[in-house]
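Colleague: Hi, I have a new model open and would like to talk it through. Could you walk me through it?

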Amino acid sequence: MTDVAISVRDVVRDYRRPRTSLTKPGSVVHALRGVSFDVARGQRFGIVGESGCGKSTLLRIIAGLDQPTSGSVQVGGVEISRLPERRLRFLRAQLQLVFQDPMGSLDPRMRVRDIIAEPLVAQGHRDNISRVHELLDAVGLQPEAADRFPHQFSGGQRQRISIARALAPDPRILVADEPVSALDVSVRAQVLNLLDELVQRLSLTLVFVSHDLSVVRHVCDTVAVMSRGEIVEMGPIGDVYDTPAHPYSRQLVAAAPRLQAALAGRTAAVLAAETLAARALSSNASSRNAVSRNAADSDPKPTPPTPEQTTPPPKDAP
Ligand SMILES: Nc1ncnc2c1ncn2[C@@H]1O[C@H](COP(=O)(O)OP(=O)(O)OP(=O)(O)O)[C@@H](O)[C@H]1O
Ligand SMILES: [Mg+2]
């Protein structure tokens with residue numbers, strides 16, 4: 001039994017774009033250009049990088065939903081990169097995925113009980129309702145949710161249903177592709193905390209993709225920074241966050257708002273604008289205060305709080 005849950009070696013994935021000329025073949029996109037890393041059992045491995053850098057391509061290959069052009073991927077010591085779909089059934093029991101868009105990944109015509117039980121039925125288990133209730137409870141939903149349809153839930157609740165379905169076959173590895181990015185601001189932290197708690201309680205190995213380093217920091221212990229199909233830096237998340245070595249990681253860290261702001265969907269640029277506005281407000285207020293102090297000799301008013309001061313400190317606050 002190996003301690004390595006996932007081993008990725010020299011993975012290359014090229015896509016050919018559709019041809020736009022009769023005489024020339026379509027150009028090639030180098031989505032992954034030789035990616036290698038190991039994820040140990042129980043590790044929480046984050047992958048960050050800009051849009052289009054190859055994060056989802058890498059996850060699809062790890063989950064056996066796509067095949068690399070070259071290179072190898074082992075899950076639980078089994079080489080999966082050359083296996084045909086019908087031989088990947090063992091992988092579905094070990095590794096499950098949660099996607100960004102819960103509405104898109106849940107069949108609108110199915111009741112929640114059937115959605116969650118689907119992976120169990122695929123494994124030949126028939127009477128699943130007690131397991132469905134157990135899973136609903138684990139993700140913080142009432143048993144009555146089993147009889148309803150996906151459109152009768154909020155975005156955050158739908159993502160909870162996706163998580164329940166992913167956990168149904170009792171996988172050892174959970175792979176999440178931007179699981180909170182499509183959610184309403186008010187529920188991002190709740191879903192992130194739920195994932196965090198479940199991974200801990202069930203001793204799962206987690207592979208978590210996000211374009212946002214601060215969100216990854218909240219749930220992962222290790223991070224790989226990707227740029228243009230390559231991993232440019234990898235290490236314990238605190239090290240990469242505090243002392244990024246690669247210029248691209250430095251850019252990413254500089255652009256990363258603190259978790260609370262990221263969860264609120266505020267970018268560094270928006271935060272900078274808000275801070276400037278707060279400062280302007282503050283200096284206007286102090287000049288007004290100066291006038292009123294002269295007039296009434298009152299105490300100076302406190303400076304208006306900056307946006308970050310108005311929110312409770314995040315888990316990763318320095
Ligand atoms: N099926 C495909 N056919 C052609 N090109 C593709 C295909 N899938 C992905 N690509 C290209 O591969 C590159 C990597 O795409 P990928 O979806 O992995 O990026 P990503 O890092 O997940 O981006 P995002 O953060 O926007 O989700 C992109 O240039 C994309 O256009
Ligand atoms: Mg993606």
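Colleague: Which residue in E9 is the bridge partner of Ile47?
Modeller: In E9, Ile47 has Ala224 as its bridge partner. One caution first: this is a predicted model, where local features need pLDDT of at least 70, side-chain atom pairs count only at pLDDT 80 or more, and totals for chains, interfaces and linings use all residues. Residues are numbered from 1 along each chain as its sequence is written, and chains are lettered from A and ligands numbered from 1 in the order in which they are written.

Colleague: In what sense do E3 and E9 pair, and over how many bridges?
Modeller: Parallel, over five bridges. Strands (E, at least two residues) and helices (H or I, at least four) are DSSP runs numbered from the N terminus, and two strands pair if DSSP finds at least two bridges between them.

Colleague: And how many bridges join E3 to E8?
Modeller: Five bridges join E3 to E8 (residues 205-210), and these strands run parallel. Val48 stands opposite Ser210 in E8.

Colleague: Why is E3 described as largely enclosed?
Modeller: Because six of its six residues are buried, E3 is largely enclosed by the rest of the structure. Buried means 20 or more other C-beta atoms within 10 Å of the residue's own, exposed means 12 or fewer, and partly exposed is in between, with C-beta atoms placed from the backbone. Arg44, Gly46 and Val48 point one way from E3, while Phe45, Ile47 and Gly49 point the other way.

Colleague: What is the strand order in the sheet?
Modeller: The open sheet has six strands, ordered E6-E7-E8-E3-E9-E10, with mixed pairing. The edge strands, each pairing on one side only, are E6 (95-98) and E10 (230-236). From one strand to the next the twist averages 15°.

Colleague: Which helix packs on it, and what does that helix touch?
Modeller: Helix H10 (residues 247-255) packs on the sheet and touches E3, E9 and E10. The direction of H10 makes about 110° with that of E9. Touching here is a contact, with C-beta atoms, placed from the backbone, within 7 Å, and angles run from 0 to 180 degrees between N-to-C directions of axes, which are lines fitted to C-alpha atoms, for helices over the stretch in contact.

Colleague: Switching to the ligand: which residues are around ligand 1?
Modeller: The residues around ligand 1 are Tyr15, Val29, Ala31, Gly49, Ser51, Gly52, Cys53, Gly54, Lys55, Ser56, Thr57 and His211. Each has its C-beta atom, placed from the backbone, within 6 Å of the ligand.

Colleague: Which element gives the most to that shell?
Modeller: H1 does, with three residues. Strand E2 (28-40) and helix H1 (55-62) are the elements that give two or more.

Colleague: OK, new topic. How do H4 and H6 pack?
Modeller: Their angle is about 35°, with the axes 7 Å apart. Val112, Ile115, Ile116, Glu118 and Pro119 in H4 meet Ile161, Ala164 and Arg165 in H6.

Colleague: Which residues of H4 are buried?
Modeller: In H4 (residues 112-122), the buried ones are Val112, Ile115, Ile116, Ala117 and Pro119. Their cover includes H2 (89-94), H5 (129-138) and H6 (155-167). Just after H4, Gly124 takes a positive phi of about 95°.

Colleague: Last one: how many helices and strands does the protein have?
Modeller: The secondary structure comes to 12 helices and 10 strands. Buried residues make up 36% of the 318 residues.

Notes:
Two residues are in contact if their C-beta atoms, placed from the backbone, lie within 7 Å.
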